[in-house]
Amino acid sequence: MTSHLSMKSLLALSALLLSASPAIADDFVYLECENKTVAITKYLKPPRITEEAVTSDIQHLKVDLVNGRFMAAENPQWDEAEVVNGAVVIDDQMTANGLTASIKANMQLDPPGRITTNILELNDDYSSSIKITGMCKEVDASVFEKALNQ
């Protein structure tokens with residue numbers, strides 16, 4: 001009889017712990033990220049930097065933990081991503097129309113924190129590199145919905 005009671009206690013404790021951590025208990029995590037973006041475009045022939053821009057912005061993200069995908073309120077379409085050890089991880093390459101693009105990203109979810117993204121686009125004429133760094137914090141679904149509707 002004692003083991004039955006302790007099993008119930010363990011189940012109750014597990015349920016309490018899971019409900020206390022939204023990143024684990026819910027299917028979705030909503031984030032607000034303050035980002036700095038550095039974008040550099042270079043012509044390759046002759047080699048020269050043609051454009052360099054540094055911008056800051058706030059991005060709102062919705063992460064679907066069950067289906068391994070996310071969307072930004074500013075561009076509301078789902079993108080696939082792996083959720084590994086409490087982080088969204090993207091490592092992808094694609095080639096189309098002579099342009100090769102590579103993207104590597106890591107966004108900490110549990111607990112929310114640092115985001116880093118590196119994008120490199122390259123063809124025979126130019127290269128473009130974009131580096132995004134920032135910090136994210138968890139927000140209510142209503143904050144994401146408000147940003148989505150703006």
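N35 has D57, a residue of strand β2, as its bridge partner. Strands β1 (residues 28-44) and β2 (residues 47-64) run antiparallel and are joined by 17 bridges; strands here are DSSP runs (E, at least two residues) and helices are DSSP runs (H or I, at least four residues), numbered from the N terminus. Two strands are taken to pair if DSSP finds at least two bridges between them. The model is predicted, with local features requiring pLDDT of at least 70 and side-chain atom pairs counted only at pLDDT 80 or more, while totals for chains, interfaces and linings use all residues. Residues are numbered from 1 along each chain as its sequence is written, and side-chain values use heavy atoms, with hydrogens and water left out.

Strands β1 and β2 belong to an open sheet of 9 strands, paired antiparallel in the order β4-β3-β2-β1-β9-β8-β7-β6-β5. The edges are formed by β4 (75-80) and β5 (82-84); each has a single partner strand, so one side of each lacks a neighbour in the sheet. From one strand to the next, the twist averages 20°. Helix α3 (residues 141-148) packs on this sheet and touches β1, β2, β3 (69-72) and β4, contact meaning heavy atoms within 4.5 Å. The direction of α3 makes about 130° with that of β2; axes are lines fitted to C-alpha atoms, for helices over the stretch in contact, and angles run from 0 to 180 degrees between N-to-C directions.

The structure holds 1 disulfide, defined as a pair of cysteine sulfur atoms within 2.5 Å. This bond joins C33 to C136, with an S to S distance of 2.0 Å. The torsion about the S-S bond is about 105°, so the disulfide is right-handed. C33 is buried at 0% relative accessibility, and C136 is also buried, at 6%, where buried denotes under 20% relative accessible area (1.4 Å probe, protein chains only), exposed over 50%, and partly exposed in between.
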